[in-house]
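This report describes aromatic contacts and helix packing in a single protein model. The structure is shown first, and the description follows.

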Amino acid sequence: MGEAIAFDDGIEYPTSDGRPVAETPLHYRRLADAAHALMALFDPQPGVYVGVNMLVYDEPGNPRRHLSPDIFIAFGVEDRYRDIFKLWEEESPSFVLEMTSKTTHQEDDRKKVRYAHWGVSEYFLYDPRAEYVKPPLKGFSLVGTVYRPMSTRTLPNGETGLWSETLRLYLWLKGPELRFYNPETGRDLRTPGEEAARADAEAARADAEAARADAEVARRRRLEAEIAELKKRQRSG
């Protein structure tokens, strides 16, 4: 069952439910990209916690009462690492993103009821293969105790997506790929691949600048040598 931690009267709350993080390599890639983007944005902000495939317990003393959102974000919480997330000790997540797959799509309605009970303000469903969710990206806002479907909006970049009031970001699909558009910066949050490409480009620019600087130094030295040689000839003549 994996590592477990004790709570109160020796009750153990597992840190894993034994299920894989993602059903397919594609689901894992999409989950990793989304998690990286959101962690890069929110981890530096105090009191914000981004949980990825973490067990969330909602009933003290009951280690079987849990869900494992693919990604959740909670605000107003302590800045620390966690093995599990216990709702009776924390602020409830405000945002949940679930990636739908063959083995999970039948759980979506049950989870939606639980998330509403938790008070999760926004619940998003994303189907990387567009097999079970039509359209493959849906968003729901909690109104009272019931989720209402979000309406699509036109993003500043001209694309169509969903606005997350909680995150202050747009969620949209670039082809089949889930992206997060930040209206403050006017661009999408970067994926790990884009971060690596950006780092490579910056390194290439730095190398080119260093090469230009070295060439300029060499040119000045040649010019100084030529001037010195010319002065020497003038003196000797």
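Y13 is buried, at a relative accessible area of 0%, where buried denotes under 20% relative accessible area, exposed over 50% and partly exposed the range in between (1.4 Å probe, protein chains only). The model is predicted: local features need pLDDT of at least 70, side-chain atom pairs count only at pLDDT 80 or more, and totals for chains, interfaces and linings use all residues. Residues are numbered from 1 along each chain as its sequence is written, and side-chain values use heavy atoms, with hydrogens and water left out.

Helices (H or I, at least four residues) and strands (E, at least two) are DSSP runs, numbered from the N terminus. W88 is partly exposed, with a relative accessible area of 27%.

## Helix α2 and its aromatic residues

Y115 and W118 form an edge-to-face pair, 5.2 Å centre to centre with 70° between the planes. Both residues lie in helix α2, three residues apart, which is about one turn of the helix. Y115 has a relative accessible area of 0%, and W118 has one of 9%. Together with Y123, F140 and Y147, they form one aromatic cluster.

The buried residues of helix α2 (residues 108-118) are D108, K111, R114, Y115, A116 and W118. Their packing partners include β9 (122-126), β10 (137-143) and β11 (146-149), with contact defined as heavy atoms within 4.5 Å. Just after the helix, G119 adopts a positive phi of about 90°.

## Charges over rings

K112 lies over the face of F140, at 3.8 Å from the ring centre. R82 is placed over the face of Y49, at 4.5 Å from the ring centre. The criterion is NZ of Lys or CZ of Arg within 6 Å of the ring centre and within 35 degrees of the ring normal.

## Surroundings of F75

F75 belongs to strand β6 (residues 71-75) and is partly exposed, with a relative accessible area of 27%. Its C-alpha atom is separated by 4.6 Å from that of V48, 27 residues apart along the chain. Not counting residues up to four places away in sequence, F75 touches F42, G47, V48, E91, S94, T166 and L167.

Key: Phe/Tyr/Trp six-rings, centres within 6.5 Å; stacked < 30°, edge-to-face > 60°.
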